[in-house]
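Here's a quick briefing to read with the structure open beside you. Take a look at the picture, then work through the points below.

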Number of protein chains: 4
Amino acid sequence: MARITREELQAISGDLPWVAQLHLVVEELGEGTARTRLPASADHSRPGGTISGPAMMTLADYGFYVALLGAIGPVALAVTTNLSINFLRKPPLLDLIGEARVIKLGKRLAYGEVLLFSLGHSDDPVAHATLTYSIPPDRPPLD
Amino acid sequence: MARITREELQAISGDLPWVAQLHLVVEELGEGTARTRLPASADHSRPGGTISGPAMMTLADYGFYVALLGAIGPVALAVTTNLSINFLRKPPLLDLIGEARVIKLGKRLAYGEVLLFSLGHSDDPVAHATLTYSIPPDRPPLD
Amino acid sequence: MARITREELQAISGDLPWVAQLHLVVEELGEGTARTRLPASADHSRPGGTISGPAMMTLADYGFYVALLGAIGPVALAVTTNLSINFLRKPPLLDLIGEARVIKLGKRLAYGEVLLFSLGHSDDPVAHATLTYSIPPDRPPLD
Amino acid sequence: MARITREELQAISGDLPWVAQLHLVVEELGEGTARTRLPASADHSRPGGTISGPAMMTLADYGFYVALLGAIGPVALAVTTNLSINFLRKPPLLDLIGEARVIKLGKRLAYGEVLLFSLGHSDDPVAHATLTYSIPPDRPPLD
């Protein structure tokens with residue numbers, strides 16, 4: 001079960017401008033897993049009817065952040081130290097889903113991956129990202 | 001000398017929503033090099049007075065795109081296939097500079113790096129990214 | 001089913017010095033998946049009773065190569081264009097297993113991942129790698 | 001000036017099997033920089049007269065290790081946490097040079113890059129790697 005509630009998550013990240021601008025949605029929340037969604041919008045479309053790279057990177061980064069908070073609780077100041085993303089297929093201008101999971105949770109660093117899928121279009125991922133997050137040392141102890 | 005003019009670049013990328021929203025500026029443009037700037041703004045600030053990861057990734061991606069077009073000319077549909085970014089230091093909420101350069105320019109793929117600096121704050125980079133771009137096969141021949 | 005036989009694989013890669021020196025073993029072979037093994041040896045041990053990074057990288061690279069040939073058949077000259085590996089836990093000096101899978105198979109590029117496990121020690125991976133391979137354009141057509 | 005002598009470096013790494021097998025040589029050693037060399041050998045050649053990926057990855061990893069010890073002194077147990085390498089051009093079977101530099105030196109993590117060149121062949125790099133190393137907390141204090 002996730003160590004953070006949707007209310008705590010909303011309090012931490014709901015007002016972040018890049019989360020609000022992209023209308024990112026948390027669909028599912030587990031202990032080290034998350035399913036997030038980027039609704040289709042002309043604001044992040046690219047010529048050719050596809051989705052911009054920056055919007056996809058933001059979804060990957062936010063999706064992993066949510067999965068990580070699902071594992072460690074409401075630690076607002078966890079920050080990305082590395083994000084590596086491979087764009088595999090040009091997504092159509094449909095909602096994108098990010099399936100994130102924590103692979104390794106250490107005291108100071110967490111590592112994991114996010115697969116991005118085009119909702120209702122194909123089972124093949126459109127992008128794959130790996131991320132390392134730094135966890136601040138003074139985070140409140142887990143229950 | 002750059003193989004694209006500022007006017008051509010503006011025509012290709014000036015209206016992209018994420019470029020416009022962040023007010024990204026091209027400061028210098030060479031053949032395979034570029035210096036771009038992300039003006040400081042509350043829109044991409046993060047609690048603690050620092051700059052959001054997504055805004056820094058967008059600057060890195062755009063900076064390399066500009067450097068690449070400086071090398072190959074106005075090829076709008078060049079797309080990122082990999083972006084890997086390492087966040088090295090927490091930048092203060094000042095303008096960020098991206099120094100991009102193409103390391104390898106092939107027929108179909110280009111590879112390079114971007115160093116991000118906090119303007120007027122320190123000579124130490126706040127982030128380092130490497131990128132691979134795919135160049136469409138039907139691009140117009142270079143003069 | 002794999003598009004390459006063990007005999008073909010042996011003919012292509014069995015004599016490669018780094019495969020032979022590390023005594024790398026193909027345990028399972030599928031269409032775009034492979035399970036390979038690095039037997040424990042003092043030759044790639046590191047002070048502290050752990051396995052050297054280069055040996056782990058070689059297992060990851062070879063494991064993905066085998067998975068890729070399982071998907072495209074005996075194309076000896078497929079080559080790595082990117083390998084990114086994250087070392088997650090210090091493995092004890094036991095056999096290492098690489099579980100590789102192709103995530104995206106294109107005409108010219110393939111992308112996938114490898115999880116490395118310490119055999120008989122833990123279900124948690126000791127390393128995770130992502131790889132991009134370039135597939136030569138003149139490869140023989142698949143049956 | 002480097003914080004480690006060649007004698008200390010030899011004592012720490014000279015007997016590592018993968019360093020010895022590849023006959024890796026330290027050509028230059030600075031504070032956070034290093035120039036290392038991989039002599040050409042049939043042992044790490046690949047069909048087509050080129051150098052194997054694993055040998056190039058080992059040179060990159062060792063090169064950055066040397067540069068890092070040049071910055072922090074004789075800390076044997078610094079270990080790689082991430083290595084990402086892009087292979088840019090097929091090198092001929094000549095000696096390879098690794099030019100490594102530390103970009104960020106933190107208390108617990110160091111980050112940097114290595115460019116690999118084919119000696120006497122071209123000024124264009126054949127590969128580019130970025131690395132993150134973990135520095136053990138109990139390392140002896142620097143003078």
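At the N-terminal end of helix 3 of chain D sits a cap, D:Ser52: one of its side-chain oxygens lies 3.1 Å from the backbone nitrogen of D:Ala55. Keep in mind that this is a predicted model.

- Helix 3 of chain D runs over residues 53–72, so to speak a stretch of 20 residues.
- From first C-alpha to last, helix 3 of chain D reaches 29 Å, close to the 28 Å you'd expect at 1.5 Å a residue.
- Is helix 3 of chain D buried or exposed? It's mostly covered, with 20 of its 20 residues buried.

**Where chain D meets chain C**

- On chain D, 28 residues are in contact with 28 residues of chain C.
- About 2300 Å² of area is buried between chain D and chain C, and carbon and sulfur atoms give 56% of that.
- Looking for salt bridges across the interface of chain D and chain C? The rule finds 0.
- Polar contacts do turn up between chain D and chain C: the count is 13 residue pairs, both residues at pLDDT 80 or more.

**Who does the touching**

- On the side of chain D that touches chain C, helix 2 (17–22), strand 3 (45–46), helix 3 and strand 5 (79–87) of chain D each supply at least two residues.
- Strand 5 of chain D gives the largest share of that side, 9 residues.
- Sorted by class, the side of chain D that touches chain C has 15 nonpolar, 10 polar and 3 charged residues.

Notes:
Residues are numbered from 1 along each chain as its sequence is written. Chains are lettered from A and ligands numbered from 1 in the order in which they are written. This is a predicted model: local features need pLDDT of at least 70, side-chain atom pairs count only at pLDDT 80 or more; totals for chains, interfaces and linings use all residues. Side-chain values use heavy atoms; hydrogens and water are left out. Helices (H or I, at least four residues) and strands (E, at least two) are DSSP runs, numbered from the N terminus. Buried means under 20% relative accessible area, exposed over 50%, partly exposed in between (1.4 Å probe, protein chains only). A polar contact is a pair of N or O atoms within 3.5 Å; within protein, one must be able to donate a hydrogen and the other to accept it, and residues adjacent in sequence count only if both atoms are side-chain atoms. Contact means heavy atoms within 4.5 Å. Buried area is the accessible area (1.4 Å probe) that two parts lose on being put together, summed over both. A salt bridge is a side-chain nitrogen of Lys or Arg within 4 Å of a carboxyl oxygen of Asp or Glu. Ala, Val, Leu, Ile, Met, Phe, Trp, Tyr, Cys and Pro count as nonpolar, Asp, Glu, Lys and Arg as charged, and the others, Gly among them, as polar.
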